[in-house]
Amino acid sequence: MNLPFDVLDLGRMAFGPCYELQLRHVEEVLAGGRDRLLLVEHEPVLTLGANFHESNLLLPRDEYAARGIEVVPTDRGGDVTYHGPGQLVAYPVFSLERRRRDLHRWLRDLEEVVIQTLAGYGVAGRRFPPHTGVWVENLKMCAIGIKVRRWVSFHGLALNCDNELSPFDLIVPCGIEGYGVTSLSQRVGRRVSVDEVKPRLIEAFASLTNQTQT
């Protein structure tokens, strides 16, 4: 496939080094480099967004560390979410100058990428305004949070493929009370690995880019 962006498959990586890598790619895109899509599975971590509320951590912070879960403040939008093995995290470091300079539209585009990916498995993803992300019925399948620097977007989306869902019980995911989470494996009824989903997600990003790039 002749992609309009570069794909970097980072395998499994802790959040901190991956964030530093994102920042380097942001600078390269700002300097005129090609867009790039970073794909990764994180070690267990809770990331805290710019709108984080401490009450959405249901345990003392040292208790998460005792359970092997790192807690990391970030500069993305949103509240708290969990990342861990079996979850596909995609960081599109994309120039919005080359598309639409519209942050709300970009968030809807990221949702559409996930909705298209899920449709390939016969799973009907949906939006749930005013909450950013993708849901299946009343369960959250994918969290989305971004940061934009001089019209280059980074951070991105976290799609539950075959990850353990119990860590979400230790927080109020994305600060939205009263709703649970689900995974692609759970909905399809078989193991759907991150490696299986990657090419489908890349294809969905390529389809989006071909529609929106100017």
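I began with Trp151, which sits in the loop between strand E9 (139-149) and E10; strands (E, at least two residues) and helices (H or I, at least four) are DSSP runs numbered from the N terminus. Its phi is near 70 degrees, a positive value in a residue other than glycine. Trp151 is partly exposed, at 23% relative accessible area; buried means under 20%, exposed over 50%, and partly exposed in between (1.4 Å probe, protein chains only).

I noted that this is a predicted model, in which local features need pLDDT of at least 70 and side-chain atom pairs pLDDT 80 or more, while totals for chains, interfaces and linings use all residues. Residues are numbered from 1 along each chain, and side-chain values use heavy atoms, without hydrogens and water.

I then looked up His155, in strand E10. His155 also has a positive phi, of about 60 degrees, although it is not a glycine. At 2% relative accessibility, His155 counts as buried.

Next I followed E10 (residues 152-160) to E6, with which it pairs in the antiparallel sense over 6 bridges; pairing requires at least two DSSP bridges between two strands. Leu88 stands opposite Leu159 in E10. Strand E2 (residues 36-42) is also antiparallel to E6, joined by 5 bridges, and Val40 stands opposite Val89.

I checked the burial of E6 (residues 87-95): 9 of its 9 residues are buried, so the strand is largely enclosed by the rest of the structure. Both faces are covered, with Tyr91 among the buried residues on one side and Phe94 among those on the other.

Last, I recorded a cis peptide bond from Pro129 to Pro130, with omega near 5 degrees. Pro130 lies in the loop between strand E7 (126-128) and strand E8 (131-136).
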